[in-house]
Every structure is written in structure tokens, then in C-alpha cells.
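This briefing is meant for someone meeting the structure for the first time. Please look over the sequence and the model below before reading on.

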Amino acid sequence: MQEIFLCTICNVSSGSCAEDCAYCTQSARYHADIERYQYKPIPQILEEAHRASKNGALGFCLVTSGKELDSKRTGYIAQAAREIMRAGLHLHLIGCSGIASTEALIALKEAGIASYNHNLETSRNFFPKICTTHSFTERLQTCENTLKAGLGLCSGGIFGMGESWQDRMDLLSALQTLKPHSTPINFFIPNQALPLGKEILSREEALECVKLAREYLPNARLMIAGGREVVFGEDQKELFECGINAVVLGDYLTTKGNKPQEEVERIKSYGYGIATTCE
């Protein structure tokens, strides 16, 4: 029986980001109606980690809002990681704090972080159309730094932002060169505060994106993430048949997801098991 890897996002610092990523409600430039806070208390993070583990998640991703993994964020994420490790939860800890140097990433690894998530988001050609405050090259360099630091790399992208099929293939080609162990697949969902278009990918086109990703990344943990509830509703079986073998369980950064236990039962109803190890 194929087993599905479950991962939970913990948004430990929300909103007020100075970057202009056109797909992101956390950018302060767009004044989206989201919850904003600087640093979530460590005890609250621990509580969420316990809950994620109880729900069957193996991955636990600590996400901060902002451009880069500066010294303050490095210290904060390291502290959170150490507390989670001390609690004996045996979660695969993932950091996600934007552009990062090799030195900062090594510091996270020493604290117990196992992987770093930094999505390329789209192709090099299309990237300037969705972000002007940092470059595709900076993102690519962070992914390379992650590998140099000896961390697992989690990197993927967003489909449905107005990019062409060639852009999609170029994104996947770039990811192919990095060989990430995990690749999140997101579908853009319009928000009235954001400058991008208002169309949502059709179910058929979204499935083609998944098939293409699996073709380019045959060995990656292909993780379905943001947008799947809107695009696929309650019937998500085809996603797994097209190559998805990992799921973000519960809420996203600023968007509510389905209830974790409902998701687990849905996956089981499709004939899949829930992974109990990271292997």
C-alpha cells in the first residue's frame, strides 16, 4: 500500500513583509485582511507541534514572514527547533524564512532543523512579473546554499499566476537540477487585495501540472499544498493517481485548510496509508 507523507505548516511570524510578491497576502504592500504578528510564543509553537504529531504529520514547517533569514530569525527558529527536539516529538523539522546564507542554514541544522523550504515559485523568465524586490537568482542561490549546508531541500512553485506552459516546464527544469527531496505544488487562489488575475485553474489544467511535475521529478516527494481545496473540492483522488504522495495537513500560512482528521480519513478512503517514517 502506498503511504502518503503528511506535513503541517506553523506560521510563526505573519504579515508585514516588505517584499512585493504579487501572489502573497503577507506582503504589507497589498493590505490584505490577514492576522499579523511578529513572533509566535515558543510554548504556542510547541502546542502546535504536539497537535501536528497527534494528527499524523511527520513534517513540521516553521515559517517566518519577511525577505531573509537574518540573525534574529535564525536565533528564534533555532530556539523553537531545540524546544521541539527536547519535547521528543521526533518530527522532521523544516525551516522556511526566505533568502538565506549557508552560515545561517548551518546554524539551523545544528539546532535540529532537518530541511529548508524555499520555493522557486515560477520560471526565471516569468519571475520579474510577480516580484521585483528580489530575484530568481537569489532564490536559486538559497536552494544551493541549503544543499551546501547539508540540509534537505524542499522547493516547488505556484501554478496559475498567468505563466505559460513553457514557464512551467522551465520552473520544473530548474528544480530538476536541484533534485529537491520534496516539491510543494501550489495553485494560485485570487485574493481581492492582490494584483494578479482573478481566474482559478480548472481541475483539468491543475492535474496536467501535477502530471508534468511528476514527469520532471520522478523521485521527489510531490506535495500538494495551497489551492487544492478550491480547485478540487472534496474529490481529490485524481491528485494521488497523478503522482502526489505528500500532503500539507491543516491550515496554510494565511488560509484555512480542511480539518486534519477529515483529510486523513479522505486519504485512507482512497486506499492509501499514512506514512509513519520519513524514509
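The model is a predicted one, and its largest nonpolar core counts 81 residues, of which Leu6, Ile45, Phe60, Leu62, Ile84, Leu120 and Phe187 touch the most other members. Helix 6, spanning residues 203-216, supplies the largest share of this core, namely seven residues. Another core lies apart from it, made up of 12 residues that include Val63, Ile94, Met223 and Val248.

**Around Ile45**

- Once its neighbours within four places in sequence are left aside, Ile45 is in contact with Cys10, Val12, Lys40, Phe60, Leu62, Tyr76, Ala80 and Ile84.

**Strand 1 and its partners**

- Nine of the 11 residues of strand 1 are buried, so this strand is largely enclosed by the rest of the structure.
- Strand 1 pairs in the parallel sense with strand 2, which covers residues 59-64, and six bridges join the two.
- Strand 9, covering residues 246-248, also pairs with strand 1 in the parallel sense, here over three bridges, and within this pairing Val248 is the bridge partner of Cys7.
- Strand 10, made up of residues 273-274, runs parallel to strand 1 and is joined to it by two bridges, with Ile274 standing opposite Ile4.

**Thr8 within strand 1**

- Thr8 has its place in strand 1, which runs over residues 3-13, and it counts as buried because its relative accessibility is 13%, where the cut-off for buried is under 20%.
- Not counting residues up to four places away in sequence, Thr8 touches Ala52, Ala57, Gly59, Phe60, Cys61 and Leu249.

**Cysteines**

- A search of the whole structure finds zero disulfides.
- For Cys10, the closest cysteine sulfur is that of Cys61, and because the two sulfurs are 9.0 Å apart, they are too far from each other for a bond.
- Cys61 is likewise in no disulfide, since the nearest cysteine sulfur, in Cys96, is 4.9 Å away, whereas a disulfide needs sulfur atoms within 2.5 Å.
- Both of these residues are enclosed, as Cys10 counts as buried at 0% relative accessibility and Cys61 is buried with a relative accessible area of 5%.

Terms used
Residues are numbered from 1 along each chain as its sequence is written. This is a predicted model: local features need pLDDT of at least 70, side-chain atom pairs count only at pLDDT 80 or more; totals for chains, interfaces and linings use all residues. Side-chain values use heavy atoms; hydrogens and water are left out. A nonpolar core is a set of buried Ala, Val, Leu, Ile, Met, Phe, Trp, Tyr and Cys residues joined through side-chain atoms within 4.5 Å. Buried means under 20% relative accessible area, exposed over 50%, partly exposed in between (1.4 Å probe, protein chains only). Helices (H or I, at least four residues) and strands (E, at least two) are DSSP runs, numbered from the N terminus. Contact means heavy atoms within 4.5 Å. Two strands pair if DSSP finds at least two bridges between them.
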